[in-house]
Structure formats: structure tokens, C-alpha cells
Amino acid sequence: MGFMLRNDVGIDLGTASVLVYVKGKGIVLQEPSVVAIDQYTNKFLAVGEEARRMLGRTPGNIVAVRPLKEGVISDYNITQRMLKYFIEKSLGRMLLKPRLIVCVPSGCTEVEKRAVIEAANEAGALKTYLIEEPIAAAIGAGLDITEPTGRMVVDIGGGTTDVAVISLGGIVVSKSIKVAGDNFDESITKYVRKKHNMMIGERTAEELKVNIGCAYPFEEEQFLEVKGRNLVSGLPMNVVVSSNDMLEALKEPVQEILEAVHYVLEKTPPELAADISTQGIILTGGGALLKGLPNIIEERTGINTRVADNPIECVAIGTGKSLDWVEVLEKNNAPSQGYKR
């Protein structure tokens, strides 16, 4: 790839996956947030999809890790190196460093924000700005957030769920909980262990979630055969799991999301609450694809709920569209650690 001048980049730095949006090109990269490292040499062996395939299947000297947990950086050095790899893979060779906008959960602390900014700057950014995930999700879902109208977004990622009411370009009420897609997988693993005395891996739990996982009963029960290890004999075994099993397994994390939605609605000013009852609730993020989730939210709140057209890419698209604000931030002499709401 030839040299290019500086470009502006939007990054959805998620617990489960990283999406990179390059101004003028759209989303150019979507990879799992997984890194495979040789523990003896500290060398990167694989990043992204290649590393994800290694999860649970590596020999002693190789470890496949997720450097982000619950929406924030848990391993700073690996995150910084992973970001550098993804930026270079997306942009190729550049004459000038890119300006970055990275999205963070709405409940992020100042320390966590600082860690993201410093990791991005060390990964090769000229300047790094932050945008809150619900704002980016709303923009990516095609909502006009500049209007004096209440919009409610529920962004369910891999590590966090952000529930927010947005009006006039800002967040009026929000709640961020550390319950999301990864917790769905954990709940499924625990349920299968408890009911069938069988241990399944992370990828098998995800397969169950994607294929027959549900938050609301199916009209017709569905089944899926999965393989794992018998906890008594230690030998491989197969069991058939039903969608009703999944409904039971996912009851707890789904309930926590429902409580967060209820909390935000309870704290919303009456005028904006009236807007939301008219406009409805928008679900974004990979977790929004859990079957029946809109139905259960609608049943509990009485408000029309729908999944955005492209839920997985919503935050990345919104972050990318917010790159148009970078020029405004530059003119206002915003600092390199500038935080944009």
C-alpha cells in the first residue's frame, strides 16, 4: 500500500470486537478484540479473528487474551499494541499521524478515559478525542440527536450495556451496567454445567446464544446439539439444549438490562418521557440481536421497541460520522485529550 496523508479515524473499541471507520471510506476493519501472545518472548502471534480461533485451544506457552473487559482497558500494554496493529492495518503507511475519535461507555471514569486516550496516542494517534457510546450509537442508528426531542438508546455491547436518553446533542439521563453479551455467554456456560453436568467452552456458549438464545419464548421450541466435557467422567459428551433452556439461562442478565431501562425511564423528565413513548426505544450493539429482546422490553415498558438496522456497526458508524466535528474541535483549540460529548 502506498503512502497517504493524514486521515481521521473513528474506533469502536469494544470488549468483544474492534471496528475501525476511516473518513471517506467507511468501516474498513472489523475484528475480535483478541490477541494471542507467546508468554516466553512476549511476541504477538496473532490478532483479531485468527487469535479468536485460538481461544481455549492454545498450548502452554501461548495465551489468547482479551485486553478489554467490561468496556474498559484491563491490560494497557496489550491494548496499546493491538490498537497500533489495527490502525496500521486500516491505514497502511502514512506521512502524518491520524486524528482519532474513540467511543467509551457512558459510565467510564476519568481514569478509564485517560487510559484510552494515552493508549491511542501511544498507538500512533496525533490527537485523540472521546465520544460516549450512546451518542455514537444514536448517530449511527440515523437519529437526529440535535433536536429538542427525547430519544432513548439501549446499546448492548460485549462488556457493557449503556441506556441513555438523548436530547439536543447531549445525554440527559443514562445508566451504564457491566452486563452484556459476555455475561450472556457466562450464564449459558453456568446453566449447561448445572443442568447437564457438562463443561462447554466460550465459543460453544456463543454458538448457543446466536442460534437458539432468546429473551422471550419462541412460538415453536428450538433445539441444538452441543459437545463438551463430562464433569464426572472427564470424557467428551453430547447434549441437546432447547430454546427454553436458553430462556431460563439468560433470565438473570436480561432482567438486569430491563431494570436499567426502567431506572432511566423513571429518571427521565416528563416531557422527554412523552417523546420516548411516541418515538420508541432503539436497541443497538451485538447484544441487541438476542432474539425476543425487543419483545420483552416492549412488554415490560409498554413502549414500542425496535432493533436498529445495523446494530453491530451502529457505534462505529456514529463514531465515524462524528469525525466531521474534529475540525470544529481543532478550531476551538481543544486539547489532545479533549473529551467530546
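Reader: How much space lies in the second largest pocket, and what makes that a pocket and not a cavity?

Author: About 360 Å³ of space lies there, a volume being the space filled by probe spheres set on grid points joined across faces, edges and corners. On a 1 Å grid over the protein atoms alone, a cavity is a set of points where a 1.4 Å probe fits but cannot get out, while a pocket is an open set with protein on both sides within 12 Å along at least five of seven lines. Keep in mind that this is a predicted model, where local features need pLDDT of at least 70, side-chain atom pairs need 80 or more, and totals for chains, interfaces and linings use all residues. Residues are numbered from 1 along each chain as its sequence is written, and side-chain values use heavy atoms, with hydrogens and water left out.

Reader: What makes a residue part of the lining, and which ones lie nearest the centre of the second largest pocket?

Author: An atom within 4 Å of a pocket point does it. The second largest pocket has 14 such residues, with Arg-66, Lys-69, Asp-182, Glu-186 and Glu-202 nearest its centre. Strand E7 (68-69) and helix H5 each give two or more residues to this lining, and H5 has the largest share, 5 residues. Helices (H or I, at least four residues) and strands (E, at least two) are DSSP runs, numbered from the N terminus.

Reader: How many residues of each class does that lining have?

Author: It has 8 charged residues (Asp, Glu, Lys and Arg), 4 polar ones (the rest, Gly among them) and 2 nonpolar ones (Ala, Val, Leu, Ile, Met, Phe, Trp, Tyr, Cys and Pro).

Reader: And what about the largest pocket: how much space, and what lines it?

Author: About 850 Å³ of space lies there. Its lining counts 37 residues, and Ala-16, Ser-17, Glu-206, Gly-286 and Ile-312 are nearest the centre. By class, 12 are nonpolar, 13 polar and 12 charged. Elements supplying at least two lining residues include strand E1 (8-13), strand E2 (17-22) and helix H6 (202-212). H5 (181-196) is another of them, and the largest share, 4 residues, comes from H5.

Reader: Why is the contact between Glu-31 and Lys-89 called a salt bridge?

Author: A salt bridge needs a side-chain nitrogen of Lys or Arg within 4 Å of a carboxyl oxygen of Asp or Glu. The closest N and O atoms of Glu-31 and Lys-89 are 2.7 Å apart, so the pair qualifies. Glu-31 is in strand E3 and Lys-89 in helix H2 (residues 76-91), so the bridge ties together parts 58 residues apart in sequence. The whole structure has 13 salt bridges.

Reader: What does Asp-245 pair with?

Author: Asp-245 forms a salt bridge with Lys-195, again with 2.7 Å between the closest N and O atoms. Asp-245 has 7% relative accessibility and counts as buried; Lys-195, at 47%, is partly exposed. There is a network as well: Glu-49, Arg-52 and Arg-53 are joined by salt bridges that share partners.

Reader: Why is the pair of Tyr-85 and Phe-86 given the label it has?

Author: The structure holds 1 aromatic pair. Its ring centres are 5.7 Å apart and its planes are at 65°, so it is edge-to-face. The rule for Phe, Tyr and Trp (its six-membered ring) is centres within 6.5 Å, with planes under 30 degrees apart stacked, over 60 edge-to-face and the rest tilted. Phe-86 is buried at 1%, while Tyr-85 is partly exposed at 35%.

Reader: How do you know that Lys-175 sits over the ring of Tyr-263?

Author: Its charged end is 4.8 Å from the ring centre. The criterion is NZ of Lys or CZ of Arg within 6 Å of the centre and within 35 degrees of the ring normal.

Terms used
Buried means under 20% relative accessible area, exposed over 50%, partly exposed in between (1.4 Å probe, protein chains only).
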